[in-house]
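Student: I have a new model open and would like to go through how its chains meet. Can we take it step by step?

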Protein chains: 6
Amino acid sequence: MKVDLFRKQYRERVVYVNGEWLPNYKATFSIYDRGFTNGYNIYEYTRTFKKKIWQLQEHINRGWQSLKVVRIDPGISKEKIAQLCMECLERNTHLLNEQEDIQIIFEITPGEYGLPHGRYEWELSEGEQSNATIIIKAEPLTPFLIPLAPFYTSGCNVVSTSIIQTPPHSRDPKIKTYSRLNQNLAEKEAELIDPEAFILMLDIHGNLAECTGESIWLVQDGVLKTPTQRNILRGVSRSNILYLAKKLNLNVVECNLQQWDLYNADEAFLTSTPYCMLPIGRYNGVSIGENVPGPITQQLLDTWSEWVGVDIKGQAEYLAKTYG
Amino acid sequence: MKVDLFRKQYRERVVYVNGEWLPNYKATFSIYDRGFTNGYNIYEYTRTFKKKIWQLQEHINRGWQSLKVVRIDPGISKEKIAQLCMECLERNTHLLNEQEDIQIIFEITPGEYGLPHGRYEWELSEGEQSNATIIIKAEPLTPFLIPLAPFYTSGCNVVSTSIIQTPPHSRDPKIKTYSRLNQNLAEKEAELIDPEAFILMLDIHGNLAECTGESIWLVQDGVLKTPTQRNILRGVSRSNILYLAKKLNLNVVECNLQQWDLYNADEAFLTSTPYCMLPIGRYNGVSIGENVPGPITQQLLDTWSEWVGVDIKGQAEYLAKTYG
Amino acid sequence: MKVDLFRKQYRERVVYVNGEWLPNYKATFSIYDRGFTNGYNIYEYTRTFKKKIWQLQEHINRGWQSLKVVRIDPGISKEKIAQLCMECLERNTHLLNEQEDIQIIFEITPGEYGLPHGRYEWELSEGEQSNATIIIKAEPLTPFLIPLAPFYTSGCNVVSTSIIQTPPHSRDPKIKTYSRLNQNLAEKEAELIDPEAFILMLDIHGNLAECTGESIWLVQDGVLKTPTQRNILRGVSRSNILYLAKKLNLNVVECNLQQWDLYNADEAFLTSTPYCMLPIGRYNGVSIGENVPGPITQQLLDTWSEWVGVDIKGQAEYLAKTYG
Amino acid sequence: MKVDLFRKQYRERVVYVNGEWLPNYKATFSIYDRGFTNGYNIYEYTRTFKKKIWQLQEHINRGWQSLKVVRIDPGISKEKIAQLCMECLERNTHLLNEQEDIQIIFEITPGEYGLPHGRYEWELSEGEQSNATIIIKAEPLTPFLIPLAPFYTSGCNVVSTSIIQTPPHSRDPKIKTYSRLNQNLAEKEAELIDPEAFILMLDIHGNLAECTGESIWLVQDGVLKTPTQRNILRGVSRSNILYLAKKLNLNVVECNLQQWDLYNADEAFLTSTPYCMLPIGRYNGVSIGENVPGPITQQLLDTWSEWVGVDIKGQAEYLAKTYG
Amino acid sequence: MKVDLFRKQYRERVVYVNGEWLPNYKATFSIYDRGFTNGYNIYEYTRTFKKKIWQLQEHINRGWQSLKVVRIDPGISKEKIAQLCMECLERNTHLLNEQEDIQIIFEITPGEYGLPHGRYEWELSEGEQSNATIIIKAEPLTPFLIPLAPFYTSGCNVVSTSIIQTPPHSRDPKIKTYSRLNQNLAEKEAELIDPEAFILMLDIHGNLAECTGESIWLVQDGVLKTPTQRNILRGVSRSNILYLAKKLNLNVVECNLQQWDLYNADEAFLTSTPYCMLPIGRYNGVSIGENVPGPITQQLLDTWSEWVGVDIKGQAEYLAKTYG
Amino acid sequence: MKVDLFRKQYRERVVYVNGEWLPNYKATFSIYDRGFTNGYNIYEYTRTFKKKIWQLQEHINRGWQSLKVVRIDPGISKEKIAQLCMECLERNTHLLNEQEDIQIIFEITPGEYGLPHGRYEWELSEGEQSNATIIIKAEPLTPFLIPLAPFYTSGCNVVSTSIIQTPPHSRDPKIKTYSRLNQNLAEKEAELIDPEAFILMLDIHGNLAECTGESIWLVQDGVLKTPTQRNILRGVSRSNILYLAKKLNLNVVECNLQQWDLYNADEAFLTSTPYCMLPIGRYNGVSIGENVPGPITQQLLDTWSEWVGVDIKGQAEYLAKTYG
């Protein structure tokens, strides 16, 4: 990999932290921030296509849904956060080479103050106000996409672990938050099988939930199937598949699925914002489907590429060839 | 409350962040730290008695148990962390007035790097190494203890919510981590009843688990009862009660308890590092026991006070009277 | 409130108990009735519109479904119970003022006898037969509707508790029975937040089930959503919404919903026989939707009013203004 | 059976209902009582030995524990209820023949009024107060004991069903209440196998809980085992076994037990107030143990008989022979 | 029954075991076969209509799905297994009389070898290879169908037990395997009620799953309902009903159903390969529906009969009359 | 490995099948045996020390407990099965070399007949009786022990999978049966990590249950801990540890344990009949304890060796050195 290039991009990024635009290496926040010390935070990842942010509004809306459930007052409007995201893109676009895209991320926490039992007063200077923490970050996509490029053709590897998805009356996975240590535990188990594998979380009843950063989709007898929304993030990419499937007149079912369904799927794929879709090649070492990618997977990916005006697979392959 | 005093203490603290001792207002860390962006962290709170750290070794040992399960390599020995904690105390002791004590906290994360899929290389400069983040903080106890002082006499209020404890095959509560958003959700529900109430988490089967920062104890027919270790933190203060109960020849049982048991307890109390023990006065508005604190609760608190050489209740009341 | 009026109505009601029409104050039944001493009973509530019983047949049919599952032989035909209900209305109609309506209730238990182990014989006199207990009651609606009237405009408050719905292999909530102490426990918790709040029961897996006397409905992106029938009463009003939604070409989905869905609903409302529909204003203190009532809620209520020929909201407001 | 005798006893009983002593056939209460219409009630059964109430205080204490959890204010002291129970015994003792004993029962409900949403005022006459309902009943034991008499020798039959015990975060079985329709459902299934069988409830996880009116006990390798208190009534007879076992130096364990344990028990028995103990002969048609009753069962029964000064088995057999 | 006839058929069957066609009485396999000693096997049952195998391909496909999940390599193609099944039919057809049909069964295990920890080598002779075990069997249908014949008219009896379906993250019932001891346990409980009853398994949450060899179907308000695929075999006969229902324009719903739904169904029936469909007459002793078979059940059975060109009910009745 | 030696032993064994002693290669049983076609079987493994069967009676007793729960009538006494096991040993002892031991196994199924619905009659010849199948087998231990020998020093590797233990109201693991396909599924997942690893099954609530053929033990702070009997086999070797621990005055606790407990154990080991005890070296790649084997593990193994008069570890090492 063109390590020097990525190192440069990585170092020269400009980010927004609580009102200031900072060079990457100065981007710090308080060790007292409750986003850290209470795991009290929400975030969203978007990506660009052709250097324009794709579905920014959808991500902001979902971010605001998370805020509502966790009762963080962001102290900022949806319009303002959109503006900041676009400014963040603008300030970092010059880092990108031909065909490169970038992720724009926002993170919101209640900030430093506001713990219970009346401690608030003395933590602030006189006249000072308590504010939410707002962070806007940019992450170049290329080094993420390069190792994934071959999976568009061969399919990626998915594995299971003993660690389960958190149930919705504890921490609902529909809240997009970093407070999810169980995913780190699952990753540590999965690494023993294959450090490049994607990790499928089962829910507490043995149903397929989602991968640690992906929604999962199966094709059985021409029907597209995906887990219900009970125990997963309501993925923006997931919504995109629902939209594309409707456009393509595909039959779609949201239902409880089990490992049996994945082993016996005709096709299976993952969806996530940075790479849109990846076909699944194997689950726990067992080959999934007869051809990878399967025809419906391919059709969805092609339609998605047309929609965004970028050959999604082609971009990953170009980047891998050029910068890999 | 003597707000100015606390504000001064709060502002003038010195903390340790990754090798440096910093004034409080400069204590920041990278927005890319995985302790934040993956909820990947562990921490421990200790407190002083007579301005000496109490049971530092017990807390370090438990911290190292958490590290082992989450597979963070701290890159530092137990001896070194003990040294840093003691240095942190020393650097902040001058802030404390008569009878005041302080909390010394350590927090460990894997640091900034090490994400999956081979991204590691370009995130570091040539020759640079990836290191864990180590933070040592000091938090003066007085403003925490002041509002609790009356509860030693009247008993505190405990309430239940609809949010449950995370099950152990998702995120085991025996791991002491900030990655616990469900507690924030429970707090938001509990605030509707009483913003000063302590919040009892039930486990997924309707058993009492623990409060959001406390272990719970009941006395029934002279027997001391507390939930099993399945779904709770193995509290250091909880171990202290087991130790004191043995010393006092009290019969102790760890078993599954339900809300019925709390409503009908003869006595009930909470334990936690900063205030050691607090009698429970009411649960969901129902008075618990005939006298608060009950005789066994009182006996345990007295013995604990002797053990540490500080009148625990007396200290809180003195602080409330003097600085409240 | 016009207390004297309600007191008079309350006192002068005529009720049916096992073959006799009695003035209200003489309406008693045996303390040995198994409807009480085994919690062995079923019941149904109907209401009138324009002083005619609405959907009496639907309620009788559902009552007979409950009887079948609990194996009580009512010793009476559906036709006869309908007749008795209509007679009960007739005997009480004179108590109602202009625009007032009334609830007609029937309750069935196996009666006094029939315990296991052959005890039956000596409990009856020679030649006597064991009969089911049949009670028909009338409850004027006005004092119930008055406090609800403002909620048609402002939305009602819904809160959660730690007490869960009974699972279907224990006591299926599809059986309409008074044997439901868990609802009393939930009410006692909810009162601590707001004595006027409606109480949402979660099922054992953290899904929304129903309120203690209401079905719950959400609108998300134009789709009407309601919990599946697994863990709820198959409400007659719930069926009415399904009927009206079909008539209005609304998209309806029965699925597992979680608290996240309620917090983020565009609209939400409750349904129940006495007041038909009430918009939800807040859940656990969080405002639901942008406008209360939302447009689909309003549309359903309007269509329902047309259907029954009574302005449902208008009636409540008139009653509140006139008798409140 | 001497049906005429029992019929006479049954008819001539005197009972207490809300302040009045009534002949049995006049013992009624309001059809509006919330003990019926909300399943909102608690109760206790005691029995006499030699025509004196046995462990009345233990039953009153447990009744008061139930009241506390369900938040019913009985409006009466423990002393007063004890007095009423003893008066009830006195008023009915003349009905008993030689060696006959009787059950004294108390039942408490919140009475008629006090529903939510401010309906209270108009339900009461001016100046009237809302009071709890207090019922004291007497039930001659003989007709209950007669069919059980042979089981002391042959062992009773226990069967399982598909209906489970209600979980403790719904309706905790530690609350002694008639609000337990699930038991009626289980009885209806069990009748298909054997109408005289006792019915074992499993909890939601497949552990043995209790029979519909009995605690269950196993002996394995000389150790007495019984389910934990999580999902059962804390039986007074259960406590008696714990007391007697201690006296006899028997090893006792409270733990989760499964059907396997019952099938393979060396001995098994049930305990309940009216008959104290009954050995189990078969579970789901499979013989339990080699000899019925087993030696530890016999020893416990003998010691219990000595304790109460009545040959428990002998009394049942005498009654069966004399009045059966 | 014409016992001698059946005995003759039973004895003279020819079966295939690992490459050889054997007379029935010589059909044995190794006691070391892992299909026995690890419960490691899959199987499929097909039946003939007019002495031709019906839906052989569907059964082979499902068998291959089971093989994939359990990771047995059959060492044989789908085509070859089809050929063997047809050969098995051919070799046994002469045993059948007029209107008689037969079941053709295949069973696959990994064979004798291949245990973990490198034991493989010494279990085989030099040069020998480890092969899967393939068994093809024939079972004349007549003696199975005779006792079922009256149920087409009267409905069969279905009962519940305390034994639950195995959850899908333990042994998914979608895998068709003999490794299902829980069904034997359920049968032993059910025999206590009625040795001819069909046995309904509930899943771990109290939902209807399936009978020990049958799928279950309900009709409610004209809608055909059946449990979801989460916890059941994906029955070939179940697929046939879905196909026929579509052809007949019936509304079909796959959803969670509970015992309430079965008790209150308008019609209910079972499906299974050997007898296609049987109406349910009673569940736990309670009559189901008003007429048995119900009109939709009858319509489906008629259409199925047309489809296969055999009067399914007529055949059973003819066989019962002729050979019963 | 001395493959030729093992091959010879393997081939020349004599086994008992339903009344006959057969050379190994002729040891077959009917493909219709319900031990295979219904997964309806129980079995026991014993081993010799110094060529005498160790604890044969304990294994027979447990076998008879399994028979009782599954309701198989073995048609043979405990004494007779003991005799057959000893005869099996005698007939195979000549195969063993110096220091070699052997496993004697018995397996019982209901045999071929006895299916429901009256099919029994025609499956038997006139006058023939239906009998249980009894198999007695011998398996030389050497090739099993050789690969395990190094683990006495280095500790074995234990891994987790997504496949859970079957719950006790489905198939209770206390029944020792081959009907356990879920273990094969778990093994297939575990092989992806390490084909030599032992596989830890979690129960449905995330507690440690047992390995696929082993009980698990932890040492924490000097206390020996092991899972409760709820969801595991009541291992004979497990009982031996309880016996030895008592002899050594070790504190032992049976309780619910989670993965945290294993990661943080001071020592951990497995027990099973063939090798008695093995220290655990790693769990999911994480080192367990500071020294392997830990002091308590070593002490138990030493005492066990004394008890049986064989140096257990020494034997394995001798065999590995001599025949490996």
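Tutor: Start with chains C and D: 100% of the interface residues of chain C are also interface residues in chain D, so the copies meet through the same surface. Contact here means heavy atoms within 4.5 Å.

Student: What should I know about the model and the numbering?

Tutor: This is a predicted model, where local features need pLDDT of at least 70, side-chain atom pairs count only at pLDDT 80 or more, and totals for chains, interfaces and linings use all residues. Residues are numbered from 1 along each chain as its sequence is written, chains are lettered from A and ligands numbered from 1 in the order in which they are written, and side-chain values use heavy atoms, with hydrogens and water left out.

Student: What rotation superposes chain C on chain D?

Tutor: One of 180 degrees, with 0.0 Å of shift along its axis and an RMSD of 0.0 Å. That is the relation of a two-fold axis. The superposition is by least squares on the C-alpha atoms of residues with pLDDT of at least 70 in both copies.

Student: Which C-alpha of chain C is nearest the axis?

Tutor: That of Ser179(C), 2.2 Å from the axis.

Student: Now chains F and A. How many residues does the contact take from each?

Tutor: Twelve from chain F and eleven from chain A. Of the interface residues of chain F, 92% are also interface residues in chain A, so these copies meet through the same surface.

Student: How much area do chain F and chain A bury between them?

Tutor: About 890 Å², 58% of it on carbon and sulfur atoms. Buried area is the accessible area (1.4 Å probe) that two parts lose on being put together, summed over both. On the chain F side, Ser162(F), Leu192(F) and Ile193(F) lose the most area to chain A, together 50% of what that side buries.

Student: Is Cys211(A) buried or exposed?

Tutor: Buried, at a relative accessible area of 1%. Buried means under 20% relative accessible area, exposed over 50%, and partly exposed in between (1.4 Å probe, protein chains only).
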